[in-house]
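Let us read this model together, one feature at a time.

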Amino acid sequence: MKTRRVRLACLTLSAISLLTVALTGCSSSSGSGSGAKNVALRMTVWSNDKSQTALFNSIADSYLKTHPDIKSITFDYLPIGSYTTALTTQIAGSSPPDMAWILERDAPDFVSSGALTDVSAALQNSPGYQYGDLTPAATKLWTQNGKLYAYPFSTSPFGMFYNKDLLTQAGVTQTPDQLVAAGQWTWQNAEKMAAQVAAHTDKQGLVIRDWDYKTWIELASIWRGWGADAWSADGKTCDFDAPQMQQAMTFLHNAIFTDKALPAPGQTADFFAGESAMTVTQISRASLLAKHPFNWGIVPLPSGPTGSAQVIGQAGIGVMTKGSHKQQAADFLAYFTDPANSAKLAQYFPPARQSQLNTTTLAAANPLFTPQQLQDVVINGIKTGSVLPSHENSAKLATLVQNALDPLWTPGANVDSVLAGVCKAIDPALSQ
């Protein structure tokens, strides 16, 4: 089985518009019953990491051995930057996937729109599944009226990886681990450390991975330390112009353009290739360390003025309402996420199962990490962290926020004015 890269034509409709169109007049497709033969299942994913793909395929191969009605299971790679748009385009077209990974920010859209099938019964009735082991906190985003519409296969806290060798080269005397132990692991100290690396080496200091001045939602890993957020809990009020966000974004702007602690727009640096001293990302990226070995560590996100604020990225696997083989897809989902396979997937994707959120289980799947790192970053992060911002109008809001934030990424930008402009741009969408 091989993944396929989908190449997209230029799109004129937003992802949410496509999702609405896709579900208009939706009805059960033929061949979705349990008696179908020679079924080819397809799941869209945003990972093309070879080790992760090999794990998915190994689980699928085991399933195929005992399910002769399923002739193939394919994991269809779509790039993360255009993933939701690509997925909704497929749903609106003639070849929707049977299953799909869904980003946490898009969960309200997919759950409320009817794009996903209720999988509660399929999981509950699967022998040995242990449905009650799923934590309510992990399933909250994917549940509506007591029904589960996607399995939260990854509940992954953000952490700070750091390159010990590069910090030493820059003359940094205390590592992030030492600052954590001393109760001094703050964003201010992390920024000073990053600036020192940039000033005394030919490498970058700190990289917020996957942000690249576009995917603004990744910045929640910083601004939550100031008690800031994109919008209110009910999703109706813009909070980009709140004092907490103004303070957080002023800190970030100064870190970029005054202290040079982060790469400026147009500059790139890959921590895992040894090009920066620190990076904020999730533990699933750790497999990249094998390609460029150096001495490294990982710690929780630094504290901000309001204290420690850990952030969680979450993803669900849902069965598409428009898919041709809903029953078979739900049955495979139950197998793919049962206790045994959940433990295997924990190597990259922290599980939603309470029984597996312990250092013994996680260490068996993640030999790169020490038990203490798993406890501090993963387990404690899941227990205390909050999920990245999400909204029922996420696709439109993502574009509006990105465009309104663009003027901020220049020297001398008026931070407060730009943030007020963000609220002006998104207020109509929040009120829809």
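**Confidence and the domain interface**

Q: Over which residues does pLDDT stay under 50, and how many contacts does the model have for them?

A: pLDDT is the predictor's confidence in each residue, from 0 to 100, and a contact means heavy atoms within 4.5 Å. Here pLDDT stays under 50 over residues 24–32, for which the model has 17 contacts beyond four places in sequence. This is a predicted model, in which local features need pLDDT of at least 70 and side-chain atom pairs count only at pLDDT 80 or more, while totals for chains, interfaces and linings use all residues. Residues are numbered from 1 along each chain as its sequence is written, and side-chain values use heavy atoms, with hydrogens and water left out.

Q: What does the protein chain average in pLDDT?

A: The average is 90, and 92% of the residues score at least 70. Over residues 1–16, however, the pLDDT is below 50, and this stretch has 34 contacts in the model beyond near neighbours in sequence.

Q: How is the protein chain divided into domains?

A: Domain bounds come from an automatic or database domain assignment. In this case domain 1 covers 39–156 + 313–387, and domain 2 covers 161–309 + 393–431; their C-alpha centres lie 28 Å apart.

Q: What area is buried between domain 1 and domain 2?

A: The size of an interface is often given as the accessible area lost when the parts come together; buried area is that loss, taken with a 1.4 Å probe and summed over both parts. Between domain 1 and domain 2 it is about 1500 Å², with carbon and sulfur atoms giving 58%. On the side of domain 1, Arg105, Phe369 and Val377 lose the most area to domain 2, together 33% of what that side buries.

Q: Which residue forms a salt bridge with Glu218?

A: A salt bridge is a side-chain nitrogen of Lys or Arg within 4 Å of a carboxyl oxygen of Asp or Glu. The count between domain 1 and domain 2 is 1 salt bridge, and Arg105 forms a salt bridge with Glu218, the closest N and O atoms being 3.9 Å apart.

Methods. Buried area is the accessible area (1.4 Å probe) that two parts lose on being put together, summed over both.
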